[in-house]
Amino acid sequence: MKALILYFSGTGNTRFIAKQIAADLEELQCETMLYSIEDAPKIEPDSYDLLVLGSPKYFEYPVFFFLDYLKENLPCSSKPVPTMMYCTQASPLMTDFTKVKKMLAAKNHNLIIGKSLPVANNFLIFKSFEKTTPEKRKTNLEAALAECRQLSEKLVKGTPSEENIGKALAVADRAVAVLCNKLFPVFAMKYGAGESCIGCGLCAKKCPKNNIKMANGRPEFGKSCIFCTRCVNNCPVHAITYHNQTCEQYHMIEKI
Ligand SMILES: Cc1cc2nc3c(=O)[nH]c(=O)nc-3n(C[C@H](O)[C@H](O)[C@H](O)COP(=O)(O)O)c2cc1C
Ligand code: SF4
Ligand code: SF4
């Protein structure tokens, strides 16, 4: 059996889980292909039997950038493909996967598992989003890793496991996500680089949206930001600012 795993990860949480699921599926005798959507090759139809999709949750919804990639690049399969999607996130709230399920069904991919996995909050720019304590992050990670194994087994066996947040909340979550995705680029215009910037260009190189251009050795931020915060977290000298305030970096799991 062949499994394809596609994910987007701004700061590593979703990648960490994707790697764990890959390891679990390999143990379950699945040959596994693991790609970030930023460097995935062209996906050939019928080249896999199972599909796993991983995305962070932004404003209570899977990342639109990831969903747009799937709409454009996921091929239509000739046989139904059992599919699982997980979201890594800060909170324990469930996710509405109904629209994603519909989009996948049109490509003959059957979303049998939808799962929200609390890990840690990487969005430290807006202080209203509570920082996850190291203790909480540890217990979240332990629970998520155990969950990965169970989810992988369910996927291989074809056992459905779906989250249901109810219609009213689903409509509200979607509306908030659409609005926030429209506002992101406006908010992102407030990014900048402080005096300590050494002009290394790493932020520009890492940005998944090519939203940063280097001009005269300084980063300039454009209008297509998705607020993934990768630029903030990869700057070697903590130079990136928001509203002229230095942005706190998130301690990425893989670096700990
Ligand atoms: C712009 C933005 C919005 C977010 N909104 C939510 C949210 O609504 N609910 C939540 O639980 N976590 C939210 N988070 C936290 C992330 O979903 C969480 O840290 C995720 O695991 C990050 O994954 P990554 O490291 O793979 O990018 C948000 C993060 C960002 C950057
Ligand atoms: S500018 Fe920064 S936060 Fe915005 S998309 Fe690029 S890396 Fe992500
Ligand atoms: S990564 Fe930091 S130091 Fe390098 S160009 Fe960007 S802001 Fe400047």
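Helices (H or I, at least four residues) and strands (E, at least two) are DSSP runs, numbered from the N terminus. On a 1 Å grid over the protein atoms alone, a pocket is an open set of points where a 1.4 Å probe fits, with protein on both sides within 12 Å along at least five of seven lines; lining residues have an atom within 4 Å of a point.

This is a predicted model: local features need pLDDT of at least 70, side-chain atom pairs count only at pLDDT 80 or more, and totals for chains, interfaces and linings use all residues. Residues are numbered from 1 along each chain as written, ligands are numbered from 1 in the order written, and side-chain values use heavy atoms without hydrogens or water.

Start with the largest pocket. Its lining has 31 residues, and K57, Q89, A90, S91 and N121 are the closest to its centre. Strand 3 gives the most to this lining, with three residues. Helix 1, strand 5 and helix 4 (134-157) each supply at least two.

Around ligand 1 are 20 residues (a heavy atom within 4 Å); S9, T11, T14, K57 and A120 come nearest. Strand 3 (50-58) is among the suppliers of this shell, and its three residues are the largest share.

Now the polar contacts (N or O pairs within 3.5 Å). A polar side-chain atom of T11 lies 2.5 Å from an oxygen atom of ligand 1. Backbone atoms also take part: E60 places an N or O atom 2.7 Å from a ligand 1 oxygen, and S91 has a polar backbone atom 2.8 Å from one.

Notes
A polar contact is a pair of N or O atoms within 3.5 Å; within protein, one must be able to donate a hydrogen and the other to accept it, and residues adjacent in sequence count only if both atoms are side-chain atoms.
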